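Me: I've got a fold open on my screen and I'd like to talk it through. Can we take it one question at a time?

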Amino acid sequence: MNSDVHVAIAGAGIVGVSCALWLQSRGFKVSLIDENEPGSGATFGCACTIARYACIPINDPDILKRLPRLVFGRDTPFRIDPGHALVNLPWMIAFLKSCKKPKVDHTIRHLASLLAATDEGLGPLIERSGASDLVAGEGFMTVYQDPDEFERDLPKHRLRAEFGSPFTELGENEIRELEPALSHSFRRGLLFDNAHHVLDPQKLVERLFRHFIESGGQHVREMVHGLVHTEDGMKIYMRSRRFLRANRFVICCGAHSRQIEGCDVERLPLGTERGYHIQYSGRQHLVKRPVGWGEGGFYAVPTQSALRLAGTVEIAALDKPKNPDRIAYLADKARRMFGIDDEPDSDWLGFRPTLPDALPVIGPSVKAPNTYFALGHQHLGLTLGGITGKLVSEIVAGETPSVDIRPFSASRFK
């Protein structure tokens, strides 16, 4: 009986809470462990998009040509800290190897297989938790100032269409008609009609979490330190030295997962993409939908109470202070995109968990019995949290996963 099996989950972001709800729906006893408020980490500051179209990774066959600018340039959406790169040279080499075309094609194909199941993973959780009012369906637009840059990116967008995300090409007048507040400098664009976005990601996780608690789930407000296996299961130790007994353990701590001892997660080449956002309160009316600036590497998103500019990638240490250049980059783009001269009301730095091949790890640990990973979703935690939770629940229940999880196995990093 599943009710006799106690599953402990470390991490209460969108992935962890989704795992908790799906496991609970299969009758397991579930404890969710996190010292912080649910959804207050990387989920809180994300770009809010349910990005079914996002099968193209940051790994790019042309990245070696752009490497000097990525390391030394400031006005770029992708920045690599040179000191961090030298200290983490094996990770950087693995990342660059994953930028070769066969590897990128592999990533695109298997990311697309997960993205195709986005609705079946997230939709039921939103419905059961009464959170449909937090989801908007106005589509997603990406715009370009440079028509040549648009043409260079068009093959990537056509790949998105091949994998189930059709789009409509837009000219300058159509862009202005759909989003009149945008600068007139945008010449070409695309509209993905069937895209959705979340008006408040943390509030969404809070609704899911509340449903989990009301359905009998347990919240342990602690930080997991390590795992010790015993004859009758396992002991999960907290930083406070308290421990929780469980039969199964699921790790969903994102970029912080490697801090947990005894679960074999230290063998994974888990890196961090540092993401930023800035917000302008009361300016959410400036766009009707998320709008990505193709050359700029970020989204402008209408939330419930603000205009949020979120995105860019910074490969740097987890504990490095906030980089003011990244904030300035987004503020400059707000001026150029909307004519906003004010300073942002708030800014934020968060940590996206990333593997060198831009695919998550979903499934059992190679060495730690009854331990499962659900981490490394890079930019796609909000989008893929639901289907990841469903897959984890199927694996723990001994069922055949509804998506082939072999490409996401921890064993690929031997």
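This is a predicted model: local features need pLDDT of at least 70, side-chain atom pairs count only at pLDDT 80 or more; totals for chains, interfaces and linings use all residues.

Me: Is R207 buried or exposed?
Reply: Buried means under 20% relative accessible area. R207 has 16%, so it falls under that cut-off. D133, at 46%, is partly exposed. For R207, the word is buried.

Me: Where does R274 lie, the residue whose side chain meets E314?
Reply: The E314 and R274 side chains form a salt bridge at 2.8 Å, N to O. Both residues are buried. This pair links distant parts of the chain, 40 residues apart, with E314 in strand 18 (residues 306-315) and R274 in strand 15 (residues 271-281). So the place you want for R274, going by the DSSP runs, is strand 15.

Me: How many residues apart are R336 and D332?
Reply: Their side chains meet in a salt bridge of 3.6 Å, N to O. R336 is partly exposed at 37%, and D332 is partly exposed too, at 25%. Both lie in helix 10 (residues 324-338), about one turn of the helix from each other, which is 4 residues.

Me: How many salt bridges does the structure hold?
Reply: Some of them join up into a network, including one that links R26, E394 and E399. For the structure, the count is 26.

Me: Which residues is L23 in contact with, beyond its neighbours within four places in sequence?
Reply: Nonpolar side chains tend to be buried together in soluble globular proteins. L23 is one of the residues touching the most other members of the largest core. Its contacts are V7, I9, F28, V30, V250, V392, S393 and V396.

Me: What is the relative accessible area of Q24?
Reply: Q24 is in helix 1. Leaving out residues up to four places away in sequence, Q24 touches V30, H211, F212, S215, G216 and G217. It counts as buried because its value is under 20%, namely 15%.

Me: And is L86 exposed or buried?
Reply: L86 is found in helix 3 (residues 82-87). Together with L89 and I93 it forms a nonpolar surface patch of about 290 Å² accessible area. Its relative accessible area is 64%, over the 50% mark, so L86 is exposed.

Me: Last one: is the aromatic pair of F140 and Y299 stacked, edge-to-face or tilted?
Reply: F140 is in strand 6 (residues 140-144) and Y299 in strand 17 (residues 298-302), 159 residues apart. The rings are 4.9 Å centre to centre with 45° between the planes.

Methods. Residues are numbered from 1 along each chain as its sequence is written. Side-chain values use heavy atoms; hydrogens and water are left out. A nonpolar core is a set of buried Ala, Val, Leu, Ile, Met, Phe, Trp, Tyr and Cys residues joined through side-chain atoms within 4.5 Å. Buried means under 20% relative accessible area, exposed over 50%, partly exposed in between (1.4 Å probe, protein chains only). Contact means heavy atoms within 4.5 Å. Helices (H or I, at least four residues) and strands (E, at least two) are DSSP runs, numbered from the N terminus. Patches are made of residues with over 30% relative accessible area and no salt bridge: like charges are joined within 9 Å, nonpolar side chains (Val, Leu, Ile, Met, Phe, Trp, Tyr) within 5 Å. Accessible areas come from the Shrake-Rupley method with a 1.4 Å probe; for residues, only the protein chains shown count as cover. A salt bridge is a side-chain nitrogen of Lys or Arg within 4 Å of a carboxyl oxygen of Asp or Glu. Rings of Phe, Tyr and Trp (its six-membered ring) pair if their centres lie within 6.5 Å; planes under 30 degrees apart count as stacked, over 60 as edge-to-face and the rest as tilted.
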